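Me: I am new to this structure and would like to understand its charged pairs. Could you walk me through them?

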Amino acid sequence: MTQQSAHSTPPPEADLVEAAGYPPGRGVPKRAYDPRLTNEDLAPLKEQRWGAYNIFAFWMSDVHSVGGYVTMGALFAIGLNAWQVFACLIVGICIVQFFVNLVAKPSQIAGVAYPVTSRASFGVLGANIPAIVRGLIAVAWYGVQTFLAAESLIIVFVRLAPDWSASMLSHSFLGLSALGYLCYAILWVLQALLFWRGMDMIRTFVDYAGPAVYVVMVVLCGYLLVKADFDIDLNFSTEQLHGWALVWAMCGAVAAVVSYFSGPMLNFGDFSRYASSYEKVKRGNLLGLPLNFMFFSLLTVLTAAATLPVYGKLMTDPIETVNALDNTYAIVLGGITFVIATIGINIVANFISPAFDFSHVAPQRISWFAGGMIAAVGSVLVTPWNWYANDDAIFWTLGILGGLIGPLFGILIADYYLIRQQRIVVDDLFTMEEDGEYWYTNGTNRAAVYALAVSGALSLGSVVVPKVLDLMAADGTSPIDWITKYSWFIGCGAGFAAYYVIALAMNVAGSADRRALARSTSGTSAAAAA
């Protein structure tokens, strides 16, 4: 098969596609690629131009969000003081960096997005399983993040037009006020317009949004520290832990950090595919994860600590902190900042992912842009403002789907690094010929499906069983509640081990033959040496 020349004249349809603002990666599909597996969005990239800074900026946008601040701030409630929280955040993000570097490599080398990379482990058709799971999770979180950004925008309207805002807040429908719908719609449209402009515009937005948010956050932190006369207590936890109780609390906090990033971590290949080299990906991850997150963590800890002497109570929700400011300009600036921050994470974590995932299901019917818009429309239909504050609703939706992220991650890593020994045949990712490397059995790798069933049962069990026991217990608590915090690690480890064992047993990619040959060669060498 010969690749279409980058200098050949494109067909007329390509001009229309480019004029519409996409495809995002300007992929070059080969003429012999099966159309059921290919479009310009999913094809291997012709150019990989991202550098370390672009990856760094991606992580800045992924970190800066209302949800991120609230999640990290919630660690104070489990009995840890500020320095212990800071240490847990850093250890957790270093673990994330390790796993992100692993998952980035196959997509960067092949120049393809996460769902296409998954074809190597699940098969060219079976890869729709991980694509749909990841896409559905992104749809739900897209709605949540847009709702949180809308809350920030509501603060701006309330401060600038209090009477009008009060009137709008007094009318509601399906659990959301008229002003809430307006703010949600404004953000929904802004994100759609940004997405419509394509990946280059998204990259430019992310490159500038992250640093801009940092500037405002530093100013906010400095303002609160000055108001507190720099007299803050970093030991403001109401519960002091010691011994093994402290160890387990810190382990749970580290696990919470890893779990928070588990979604972007799984589909990071959607972004590493654009990098010009794997070394630049690793450099960007170093800057964007431990170093960037260290600064973010320090800001989070100091800002939260300063709210106690300034406002008389600990505030870990940045929206609440901004709303408590006594300066209208500061509130407006803070509100807009969190709007920009949340748009950044929503685009990179919850818009681009389902765009590729849903396009992967039907490449000729669903473009990258159409896939993203499916996620955007779906985010409204699930009415996130109703179930975001409902712990049970979140558990039985995102909790269950999230329980499958770990197994999917473990299977992908085991396949690429152990079974295939970092070898990927790019052309065969796009063929449905029976002699293709990733055709397996009718397009699906049964070893991956079996491994997902086994590891998924363990991972979901670690989430569901404690919840069921909670409901059955008289006091509403279960002795194994702690295991839920480690569901990602349980799923990832089980998926990794189950797939390796099953793939060897089924001789996937000749792995059992290679192992037998290696043992035979080792035995022969040992005998000769004797």
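**Salt bridges, step by step**

Reply: Gladly! Glutamate 279 and lysine 282 form a salt bridge, with their closest N and O atoms 3.3 Å apart. This is a predicted model, in which local features need pLDDT of at least 70 and side-chain atom pairs count only at pLDDT 80 or more, while totals for chains, interfaces and linings use all residues. Residues are numbered from 1 along each chain as its sequence is written, and side-chain values use heavy atoms, leaving out hydrogens and water.

Me: Why is the pair of glutamate 279 and lysine 282 called a salt bridge?

Reply: The term needs a side-chain nitrogen of Lys or Arg within 4 Å of a carboxyl oxygen of Asp or Glu. The closest N and O atoms here are 3.3 Å apart, so the pair qualifies.

Me: What makes glutamate 279 count as partly exposed?

Reply: Buried means under 20% relative accessible area, exposed over 50%, and partly exposed in between (1.4 Å probe, protein chains only). Glutamate 279 has 47% relative accessibility, so it counts as partly exposed. Lysine 282, at 29%, is partly exposed too.

Me: How do you know that glutamate 437 and arginine 423 meet in a salt bridge?

Reply: Their N to O distance is 3.9 Å, so it falls within the 4 Å limit. Glutamate 437 is partly exposed at 25% relative accessibility, and arginine 423 is partly exposed at 49%. Salt bridges that share partners join Asp415, Arg420, Arg423 and Glu437 into one network.

Me: How many salt bridges does the structure hold?

Reply: There are 8.
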